[in-house]
Amino acid sequence: MTYELTERDPAPGSVRQITFVPFLPGGHCAAIPDGDGRLRLPSGEVRPGEHWLLDTTLRIPLETAGFRFQRAHPFAYDAEAAHLYAWLDGDRYKGRRPHAEVELVAGPAEAIAGLMGDAQVVLDAARSFRAQDDASYFADNMRLLEPAYLRAATPEGGSGFGGGPQAWRARRSMIVEGLDRDGTFLDVGCANGLLMESVHAWAAERGRVIEPYGIDLAPGLVGLARRRLPRWAGRIEVGNALSWRPRDGRRFTFAHILAETVPRARFGDLARHVLDTLVEPGGRLLLSVYQASEGTLPDAAEQFGGIGLAVSGRAGATAWVDA
């Protein structure tokens, strides 16, 4: 095999085949058992009309490995064969999308590499994966999520959700269980603003008056949210969740975060920044952890507990702590 190491995206249309090296939460590498004691990696061709990142990178790992990616990053490219190599940051998948029923073999990358014919691919992927920093994490999220959400045909899709309005409500409405009074609500990572809009409406059904605000790292998504929600356009800003503060110094009764907004090692920094500087005294920080069945991420209460924060309540995929 001949390829050149790279951290750059290939030119549009220059990828015919992709091989993926999946990494699970916690950093273990995963591979597909081949039936003879050997392992193989998810791999396949880019179909006509597919975007290699937005389409192929979702389809092939699901169809071949039962793996759903959260983040993808090229680490090598064979120009002659138009063959891209990328690592994936994600988890096992058991959900509604078509997927393979595979018992993945997982372990340290070096151990997985020893069971594969293409060991160097795994070792090169591991070096790239382990070298990632905050800047590359945010860049990977931007290059994937912004175009994917902007091209979505539904409001739910524009907020990163694969179902329709009824499923959206069933999976997200538990957030309002943690809103125990009237007040302001900050959605950290607001995308197209659908959660802001939904929480406002769901709370009103319970007699609560919730005034929503939002921030997102992606300027294109902030622009979309402002167009969708012109009455709240002045409340939606571009910002990095680890450092953003409102220009007017305001704090919020409630703030909602997702763990995948930041690298896993920075979740404690995210939670403490929001709790200490963005949530008003006596307010509440909410965390949601969404994953398919068989996912291995710690749930919201476990993630709070892992950084020493005492959970005061939970509902479904959401847990909260009081300031």
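# A tour by selection

Select A72 and L88: in strand β7, L88 is the bridge partner of A72. The model on screen is predicted.

**Strands β6 and β7**

Now widen the selection to residues 67-78, which make up strand β6, and residues 83-92, which make up strand β7. The two strands run antiparallel and are joined by 10 bridges. They form a hairpin, with four residues between them.

How many residues of strand β6 are buried? The count is 10 of the 12, so β6 is largely enclosed by the rest of the structure.

Next, select A82, in the loop between β6 and β7. What is the phi of A82? It is positive, about 55°, although A82 is not a glycine. A82 is counted as buried because its relative accessible area is 5%, and the cut-off for buried is under 20%.

**Strand β1**

Go to residues 4-5, which form strand β1. This strand pairs with β6 in the antiparallel sense, over two bridges.

**Helix α3: F129**

Select residues 119-130 to show helix α3, then pick out F129 within it. Is F129 buried or exposed? F129 counts as buried, at 15% relative accessibility. Leaving aside residues up to four places away in sequence, F129 touches F23, G27, W87 and D89. Two of these contacts, W87 and D89, can be found in strand β7, which spans residues 83-92.

F129 and V289 are 160 residues apart along the chain, and their C-alpha atoms are separated by 23 Å.

**Strand β9: T184**

Move to residues 183-188, strand β9, and select T184. T184 is buried, with a relative accessible area of 14%. Which atom does the side chain of T184 reach at 3.0 Å? It is the backbone nitrogen of T253. With residues up to four places away in sequence left out, T184 touches E211, Y213, R251, F252, T253 and F254.

Follow the chain to A191, in the loop between β9 and helix α6 (194-205). A191 is not a glycine, yet it has a positive phi of about 50°. At 3% relative accessibility, A191 counts as buried.

Select C29 and C190. C29 is buried, with a relative accessible area of 0%. C190 is also buried, with a relative accessible area of 1%. How many disulfides does the structure hold? The number is zero.

**Helix α8: L270**

For the last stop, select residues 267-278, helix α8, and find L270 in it. L270 is buried, with a relative accessible area of 0%. Apart from residues up to four places away in sequence, L270 touches A241, L242, I257, L258, T261 and V262. Take L242 from that list and draw a distance between C-alpha atoms: L270 and L242 are 28 residues apart along the chain, and the separation is 5.2 Å.

Definitions and conventions:
Residues numbered from 1 in each chain as written. Predicted model: local features only at pLDDT ≥ 70, side-chain atom pairs only at ≥ 80, totals over all residues. Heavy atoms only, no water. Buried < 20%, exposed > 50% of the residue type's maximum accessible area, 1.4 Å probe, protein only. Polar contact = N/O pair within 3.5 Å; in protein donor to acceptor, adjacent residues only side chain to side chain. Contact = heavy atoms within 4.5 Å. Pairing = 2+ DSSP bridges. Disulfide = S-S within 2.5 Å.
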